[in-house]
Amino acid sequence: MMANLPEQKEWIDGIYQMETSDPVIGGPGGISNRQAEQLAWRTAYLKEHQEKAGEDLLSHTKAADPHTQYAPKASPELTGIPKVPTAAPGTNNEQAANTAYVMAAIAALVNGSPGALDTLKELAAELGNDPNFSTTILNKLAQKLEKEQNGADIPDKAKFMDNVGLKSAATRAVGSGASDIPDITVGDGRYLWKTATAVAATKLAAARKIAGIAFDGTTDIALTPDNVGALPIAGGTLTGNLISTVADVLRMVYGGYGAILRQDGGGFYILLTNKDAANGAFNSLRPLRIDLATGNIEFGQTANASVLQEKGQRVYSPNNKPSAADIGALPAAGTAAAATKLATARKINGVTFDGTADINLTPQNLGLVGIVETGSGTGYYWRKYADGKIEIFARFSSTYGAVSDVVFPKVFTEIPLIFVKENGTTGDNGWLIIVKNLSKTGFTVGWNVFSATGSGSAMEICYHAIGS
């Protein structure tokens, strides 16, 4: 059942701002009702003061001589500095008021005004900056209806009734006739009392929203957990804080056991229940406790057992020994990823090496012959080894069927071994390369011909010569 918030006539200087972290709490004083409550109090406060001001102004205008507190209006003659006793604050009689009393009253008036009406400028603005405000008000008051006339002095009664929406209802008789206005002081079966409840209706006069979904009673609506800011029974994502104001925050039930998260103001625990008592009281086991004041983590088995305490570090025990990897050590038969020295110095191709310094290997250490001299030019490269051997890599251009004399770029001391290959055209040819006149200084390229196919085509000849 819905109820109205209790209201007070009080001016609230600031309106509470709802925060995204505020919980949803209704009822009097609840966070969800706080803004509406504060605005209602302001409204009641302003209504009371407005009504009081209206009553005061009405009394003033109805008085035969509303200005009896001032000097006679008929040409008063005051000279010098007239002095009168300073009246006590709040004095309200025919006593004369001096400037001290007036200044004190003004100060008190300003001090008690809301921030938006505590200066003459602000008051003038609220009065429409009308320098003849008093005359304006008096002129308006002169147009007022007299209460004692009970509406008899309304100039155009028909227009007045139309303006206030009375229309023909105001001229009808009160009674039980078909055209009569029901008498609300007696029972009338044709109408409901204004505080009564209709048995049924087909539609609401004004459509309402239920959890954000429009509803006027003409059709069913379906609300989802999202409409009311709730999580579904299964699944869903909680985006805000889940706040519990009891010590046992969360109980997890599965397999006949219960596990409880508990925060008792001194520590945070994981507590356990006995088997098949998942919804019962927790037992004496305390596998984990965090001290809320120090952050110490405590591990134990029973409520009175000695515990191991450590801040944010893994705790080891004889039953929970660290591995070599846990403490950055090598296992007994492990291999180090890096070391500054080998336990046993080794030889690399005959050169001693223990890891403490770099070593250099020569071709001789590797069973090779070192290169002592090289040369190169267009289409060739040669190198000479320490044992006197010479090796030449070269290529030259020719054509099929043309005899070419080749001169070695480096002279041998004996006839070398030579490998020759043509890098011919992509087309067919009937030519086979042969080497003739091989000597220490060069050789001749000749051809065996099977057919004239490919004659005169440009091609490239590569050779590799080895000797002393």
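I took a salt bridge to be a side-chain nitrogen of Lys or Arg within 4 Å of a carboxyl oxygen of Asp or Glu. The model I looked at is a predicted one.

**Entry 1: salt bridges**

I counted nine salt bridges by this rule. I looked up three of them.

I began with Glu460 and Arg395, whose side chains meet in a salt bridge at 3.6 Å, N to O. Glu460 lies in strand S18 and Arg395 in strand S13, so this pair ties together parts that are 65 residues apart in sequence. I noted Glu460 as partly exposed, because its relative accessible area is 23%.

Next I took Lys410 and Glu373, which form a salt bridge at 4.0 Å, N to O. Lys410 is in the loop between S14 and strand S15 (417-423), and Glu373 is in strand S11 (residues 371-377), so the parts tied together are 37 residues apart in sequence. Lys410 counts as partly exposed at 22% relative accessibility. Glu373 also counts as partly exposed, at 35%.

I placed Arg262 in strand S4 (residues 257-263) and Asp248 in strand S3 (residues 248-254), so the bridge joins parts that are 14 residues apart in sequence. Asp248 is partly exposed, at 32% relative accessibility.

**Entry 2**

I traced an open sheet of three strands in the order S14-S17-S16, paired antiparallel. Its edge strands are S14 (404-407) and S16 (431-436), each of which pairs on one side only. From one strand to the next the twist averages 30°. I found four bridges in the antiparallel pairing of S14 with strand S17 (residues 442-449). Ser404 stands opposite Val445 in S17.

Val445 came up again in the largest nonpolar core, which has 19 residues. Which of its members touch the most others? I listed Ile392, Phe408, Val445, Trp447 and Tyr463. Strand S13 (390-399), S16, S17 and strand S18 (458-467) each supply at least two residues of this core.

I then looked up the contacts of Trp447, leaving aside neighbours within four places in sequence. Among them are Thr399, Tyr400, Val403, Glu422, Trp431, Ile433, Met459 and Ile461.

I followed strand S6 (residues 288-291) and saw its side chains alternate.

S6 pairs antiparallel with strand S5 (residues 267-272) over four bridges. S6 also pairs antiparallel with strand S7 (residues 297-299), over two bridges. I found Ile290 as the bridge partner of Phe268, and Ile290 also stands opposite Ile297 in S7.

S6 and S7 form a hairpin with five residues between them. In the turn, Gly295 has a positive phi of about 80°.

Most residues other than glycine have a negative phi.

Asp276 has a phi near 65° and lies in the loop between S5 and S6. Is Asp276 buried or exposed? I found Asp276 exposed, with a relative accessible area of 65%.

Asn129 has a phi near 50°. I placed Asn129 in the loop between helix H3 (120-126) and helix H4 (133-142). Asn129 counts as exposed, at 56% relative accessibility.

How values were computed. Residues are numbered from 1 along each chain as its sequence is written. This is a predicted model: local features need pLDDT of at least 70, side-chain atom pairs count only at pLDDT 80 or more; totals for chains, interfaces and linings use all residues. Side-chain values use heavy atoms; hydrogens and water are left out. Two strands pair if DSSP finds at least two bridges between them. Axes are lines fitted to C-alpha atoms, for helices over the stretch in contact, and angles run from 0 to 180 degrees between N-to-C directions. A nonpolar core is a set of buried Ala, Val, Leu, Ile, Met, Phe, Trp, Tyr and Cys residues joined through side-chain atoms within 4.5 Å. Buried means under 20% relative accessible area, exposed over 50%, partly exposed in between (1.4 Å probe, protein chains only). Contact means heavy atoms within 4.5 Å.
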